[in-house]
Amino acid sequence: MALKVAPGPKLSERTTLRLGGRARAEIVLASPEDAHGLADELARHDCRPFVLGWGSNLLAVDTDLDIAVVSLEAGGPEIVEQQACCDGRSGEKVFVRAGGGLMLPKLVNWAAKLGLSGLEGLAGIPGTVGGAVAMNAGSYGRETGELLTRVRLWDAKEGLRWIGPAQWSARYRSFAVDGVAPPWLVLEAEMALESASPEAVRAAVDANLARKKASQPVSAATCGCVFKNPEGHSTGKMLDELGFKGKSLGGMCFSPMHANFLVNEGRGTAKAALELIAKAREAVKGRFGVELELEVRVVR
Ligand code: EPU
């Protein structure tokens with residue numbers, strides 16, 4: 001199948017923070033192999049590729065952007081291999097493949113139904129599989145990178161290929177591919193899960209979803225946590241102590257529920273968001289002597 005090209009969407013309509021100007025084009029890949037035609041298409045539009053995924057970890061600036069949004073069809077999930085475990089205590093190892101465009105909650109639910117354990121901590125993360133890999137998304141003690149066995153990557157120089165764990169470094173909310181500078185795209189991912197009882201997996205998923213709902217503004221227009229937690233510190237706690245919970249500027253605010261979540265109250269702008277971010281950074285530096293690092297990805 002060939003890739004399809006559509007007019008560039010407004011990022012404010014495709015990001016959960018509801019911010020961002022217009023992209024130059026949208027390129028839709030029906031299958032990973034369609035990536036073979038990407039370089040030519042990008043050259044035609046004279047811009048870089050950008051996968052929005054769910055658009056949930058992005059702060060896009062208000063002006064138009066020289067990017068082509070690359071959208072991926074869901075793809076999978078499917079079991080590609082099963083291996084009996086040798087120690088007799090753990091379950092069978094089950095290798096699973098999913099497309100970069102697949103919604104992570106879909107994968108989590110599918111795994112729960114089949115009794116495949118490993119993804120429970122990632123329940124409730126509003127992202128695609130590709131986004132979760134690219135950010136090494138994590139929660140409740142689980143990071144995407146720990147599960148990965150192979151990633152199908154595309155970049156303009158080397159094209160489409162599978163890479164293994166020796167070729168990447170997955171750290172706290174970051175995934176770097178050795179010797180490959182961004183932009184690169186995640187077309188597919190394979191991960192190792194473990195067979196378990198569907199009831200136990202479902203119970204863990206439900207417990208994590210409930211924890212998330214109780215402590216995070218899951219239905220607001222947010223981009224999740226704005227800042228990383230510096231070693232030994234909780235950014236939410238520091239911002240809360242400094243009075244940032246609910247602090248509002250130009251239609252943007254820090255959530256009244258969790259001080260590290262930025263929320264668009266309806267008419268916010270990226271300009272206001274960046275101003276609030278700067279204020280928070282300055283206050284934390286002043287009081288705690290800690291330099292906050294952005295967790296959200298700024299698209300400009
Ligand atoms: N806290 C406050 N006030 C607040 C927010 C938090 O006092 O306004 C306190 C909490 O009571 C708790 C501590 O700070 O004692 C930590 O808060 P929480 O458990 O909510 O976790 P977090 O460190 O703020 C991290 C991740 C989340 C992830 C959760 C659950 C980061 C930056 N954040 O949040 O990830 O969902 O743990 O594992 O690592 C994201 O990546 O976007 C994200 C939301």
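**View 1. An open sheet of four strands.** Four strands line up in the order β16-β19-β18-β17 and form an open, antiparallel sheet. Pairing here takes at least two bridges found by DSSP between two strands. Strands (E, at least two residues) and helices (H or I, at least four) are DSSP runs, numbered from the N terminus. β16 (222-225) and β17 (248-249) stand at the edges with a single partner strand each, so one side of each has no neighbour in the sheet. This is a predicted model: local features need pLDDT of at least 70, side-chain atom pairs count only at pLDDT 80 or more, and totals for chains, interfaces and linings use all residues. Residues are numbered from 1 along each chain as its sequence is written, and side-chain values use heavy atoms, leaving out hydrogens and water.

View 2. Strand β18 (residues 252-254) pairs with strand β19 (residues 261-264) through three bridges, in the antiparallel sense. Which residue of β19 is the bridge partner of M252? It is N264. Helix α7 (residues 270-288) lies across β17, β18 and β19 and runs at about 30° to β18. Axes are lines fitted to C-alpha atoms, for helices over the stretch in contact, and angles run from 0 to 180 degrees between N-to-C directions. Contact means heavy atoms within 4.5 Å.

**View 3. Helix α2 against helix α5.** Helix α2 (residues 104-114) and helix α5 (residues 198-215) pack at about 145°, and their axes are 7 Å apart. From α2 come V108, N109, A112, K113 and L114; they meet P198, V201, R202 and V205 of α5. The residues of this contact divide into six nonpolar, one polar and two charged. Ala, Val, Leu, Ile, Met, Phe, Trp, Tyr, Cys and Pro count as nonpolar; Asp, Glu, Lys and Arg count as charged; the others, Gly among them, count as polar.

**View 4. The second largest pocket.** The second largest pocket holds about 220 Å³ of space. Its lining has 14 residues, and the closest to its centre are G53, W54, S71, L72 and T128. A pocket is an open set of points on a 1 Å grid over the protein atoms alone, where a 1.4 Å probe fits, with protein on both sides within 12 Å along at least five of seven lines; lining residues have an atom within 4 Å of a point. Strand β5 (residues 67-72) gives the most to this lining, with four residues.

Terms used
Points joined across faces, edges and corners; volume = space filled by probe spheres on them.
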